[in-house]
Amino acid sequence: MLVPGPWRDSEHLVAVLRELDIHAEVTKAGAIRRNGLRVDVIEDHDLRAAFSWGLGGAQSAGFLDEVAGCSRAALIEYGVRLDESPRDVARLGRAMREAGGVGVRMEASSAASPWTPWLDSLESGDPFQIYASTVQLVQDHHNVMFTCGMHQFDLPDAQIAMPDPSRAMSWLNAFSVYQLAEQPVLASGHTFSPDADQPRRKLERWPDHRHRSDDGRQNPFGLWRLLDPRASRLEAASRTPIIVPALVATLSSAESAAQRPLTREEVEQLISNAPAIVMKLQDAIMLERSRGYADIEPELAWEQWQVVRGTMNLGMAVP
């Protein structure tokens, strides 16, 4: 969360929050602990631009004038899953507003909002309202629409190629809320349709290629590609082989040791020799969440490793 306000520095904000019965610590290196709350105060004289766009489109001039009146903003990390603790996040938001914060931007999606609609959505308890208050829908230049921000729920984002934006939005909203409300056990090869009247599309999980690894919008759980069934190469199964350690870690380590990009043959050889554990899909999802990121698909490892390399900016050209 990014909250513009009258903060002098991080210690000042921690003290202000303590008076409101919110206990936080100054941001430090390392992963945040579960339920932990860390804050930092950054200086930015162009916050207006950062808050110009939100879930409902362009923000009002009055709201942006309030934001522009601030030269500092609180950068907040909260170690909770948003769908599990929406009211706790709303309580923090109310404290930040009482302390002088003028609005909020979710850094996982760049969605900015005045306080009232954002707080009302989180406190509603309704999965669609919670989703709509924190996740952005974006269309690229190739008629592909995608969600941004589902990692706030430890879930993959999704994308779909459709010439009709309203139909694409309908599909993505339905699929995202289905993930959030039902917590289905999904794998590449499964299918989805928003209703019985539309043909089902096949799911294929890919790394998030749209954001670099140092961008808060990058989804470490990847994104689902909703494909025409004829375009998918994978079939779903009730159990899945899990390579340990994760292929991303194995390939990164091998490439660092070689000090050059791995060839396709080397990648395929590493996969052939890698130890694996066959797990139920539900157990595989729990492992993924405890690890904090999704691994690449072994059957698509070469293509997906190139995506990961691109977002990690390893600085070596692929041969």
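Helix 7 is followed by Gln183, a residue with a positive phi near 50 degrees. The structure is a predicted model, in which local features require a pLDDT of at least 70 and side-chain atom pairs a pLDDT of 80 or more, whereas totals for chains, interfaces and linings use all residues. Residues are numbered from 1 along each chain as its sequence is written, and side-chain values use heavy atoms, with hydrogens and water left out.

Helices (H or I, at least four residues) and strands (E, at least two) are DSSP runs numbered from the N terminus. Helix 7 spans residues 165-182 and has 18 residues. From its first C-alpha to its last it reaches 25 Å, close to the 26 Å expected at 1.5 Å a residue; the expected span is 1.5 Å times one less than the number of residues.

Helix 11 (residues 301-312) packs with helix 8 (residues 247-258), their axes coming within 11 Å and crossing at roughly 65 degrees. Axes are lines fitted to C-alpha atoms, for helices over the stretch in contact, and angles run from 0 to 180 degrees between N-to-C directions. Helix 8 and helix 11 are therefore roughly perpendicular to each other; angles of 65 to 115 degrees count as such, those under 35 as roughly parallel, those over 145 as roughly antiparallel and the rest as oblique. The crossing of these two helices is right-handed, a crossing being right-handed if the near helix is turned clockwise from the far one by less than a right angle, and left-handed if anticlockwise. Contact (heavy atoms within 4.5 Å) is made by Val248, Leu251, Ser252 and Glu255 of helix 8 with Trp305, Val308, Arg309 and Met312 of helix 11. By class, five of these residues are nonpolar, one is polar and two are charged, where Ala, Val, Leu, Ile, Met, Phe, Trp, Tyr, Cys and Pro count as nonpolar, Asp, Glu, Lys and Arg as charged, and the others, Gly among them, as polar.

Helix 9 (residues 264-273) also packs with helix 11, at an angle of about 110 degrees and with the axes 10 Å apart. That makes helix 9 roughly perpendicular to helix 11, and their crossing is right-handed. Arg264, Val267 and Ile271 of helix 9 meet Ala301, Trp302, Glu303 and Trp305 of helix 11 in this contact. Glu303 is partly exposed, at 25% relative accessibility. Beyond neighbours within four places in sequence, Glu303 is in contact with Trp206, Arg233 and Arg264. Glu303 and Trp206 are 97 residues apart in sequence, with their C-alpha atoms 9.4 Å apart.

Gln136 lies in strand 9 (residues 136-139) and is buried, with a relative accessible area of 9%. Not counting residues up to four places away in sequence, the residues touched by Gln136 include Trp53, Ser109 and Phe146.

Most residues other than glycine have a negative phi, and most peptide bonds are trans. Asn35, in the loop between strand 2 and strand 3, has a positive phi of about 70 degrees. Asn143, in the loop between strand 9 and strand 10, has a positive phi of about 60 degrees. A cis peptide bond joins Val244 and Pro245, with omega about -5 degrees.

Conventions:
Buried < 20%, exposed > 50% of the residue type's maximum accessible area, 1.4 Å probe, protein only.
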